[in-house]
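Let's take a walk through this fold together.

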Amino acid sequence: MGYELYCRLLEGAVRGLKKMPPAEPPPVNIDLPGDAWLPREYVPDFRAKIDIYRRLSRATAERQVDDLAAELTDRFGPPPDEARRLLDFAKLRCRAIDLGIDSITRHPGMIMIGHHDRTKIDRLRQAAAKKNRVIRIVDQKTAVAPLHADTLGDPNKLLASVRSLLALA
């Protein structure tokens with residue numbers, strides 16, 4: 001067992017005994033189209049790349065992702081589209097965590113949102129309604145948001161639409 005794994009297990013056990021929430025963010029499955037990764041030409045060092053992915057996966061606030069983006073720009077230059085999209089997905093995941101969202105998936109004509117906090121989704125639905133956006137609560141764990149036709153074929157517009165929707169709450 002490696003030192004980092006030992007520390008994570010120990011921290012998890014201590015948090016459990018103190019009845020504290022887990023240190024690691026809950027998983028959020030984001031299934032949207034578009035390339036999101038760190039190209040070898042941008043981050044050539046494998047260890048640095050793994051460290052960046054690890055830090056992105058542990059980010060729980062958009063500010064942490066912004067700080068990492070600034071660090072990447074300082075170290076490697078302006079990020080290419082794939083890396084920028086990876087950072088955008090990380091920000092979206094952070095926002096989803098705040099809203100109790102477990103998954104964001106594109107389906108024909110809509111975005112399906114899996115959640116575990118009905119109160120937060122209701123607040124998001126109400127905020128969306130004030131901005132003439134629609135979120136329909138399907139059941140206790142699912143909500144859907146219809147998509148405009150102009151966002152269906154463009155991954156960047158789709159991502160922007162989902163981010164703007166989650167920013168309403």
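This is a predicted model: local features need pLDDT of at least 70, side-chain atom pairs count only at pLDDT 80 or more; totals for chains, interfaces and linings use all residues.

What follows goes from the sheet to the helices, with a salt bridge along the way.

Residues are numbered from 1 along each chain as its sequence is written, and side-chain values use heavy atoms, with hydrogens and water left out.

Start with the sheet. Five strands make up an open sheet with mixed pairing, in the order E1-E2-E3-E5-E4. Helices (H or I, at least four residues) and strands (E, at least two) are DSSP runs, numbered from the N terminus, and two strands pair if DSSP finds at least two bridges between them. At the edges sit strand E1 (29-31) and E4, each pairing on one side only. From one strand to the next, the twist averages 20°.

Strand E4 (residues 136-139) pairs with strand E5 (residues 142-146) in the antiparallel sense, over three bridges. The two form a hairpin with two residues between them. To find your bearings, look for Arg136 opposite Val144 in E5, and for Asp139 opposite Thr142 in E5. Helix H5 (residues 118-130) lies across this part of the sheet: it covers strand E2 (101-107), strand E3 (110-115), E4 and E5, and runs at about 150° to E4.

On to the helix pairs. Two packed helices are described by the angle between their axes and the distance between the axes. Here the axes are lines fitted to C-alpha atoms, for helices over the stretch in contact, and angles run from 0 to 180 degrees between N-to-C directions. Contact means heavy atoms within 4.5 Å.

Take H2 and H3: their axes come within 10 Å and cross at roughly 165°. That makes H2 roughly antiparallel to H3 (angles under 35 degrees count as roughly parallel, over 145 as roughly antiparallel, 65 to 115 as roughly perpendicular and the rest as oblique). On the H2 side the contact uses Ala48, Ile52, Arg55 and Leu56, and on the H3 side Val65, Leu68, Glu71, Leu72, Arg75 and Phe76.

Which residue does Arg55 form a salt bridge with? The partner of Arg55 is Glu71, with the closest N and O atoms 2.7 Å apart. Arg55 lies in helix H2 (residues 46-58) and Glu71 in helix H3, so the pair ties together parts that are 16 residues apart in sequence. The whole structure has twelve salt bridges (a side-chain nitrogen of Lys or Arg within 4 Å of a carboxyl oxygen of Asp or Glu).

Next along, helix H3 (residues 62-76) meets helix H4 (residues 81-98): the axes come within 8 Å and cross at roughly 165°. That makes H3 roughly antiparallel to H4. Glu62, Val65, Asp66, Ala69 and Leu72 in H3 touch Leu87, Ala90, Lys91, Cys94 and Arg95 in H4.

Last stop: H4 packs with helix H7 (residues 155-166) at an angle of about 25°, their axes 10 Å apart. H4 and H7 are therefore roughly parallel to each other. Among the residues in this contact are Phe89 and Leu92 of H4, and Leu159 and Val162 of H7.
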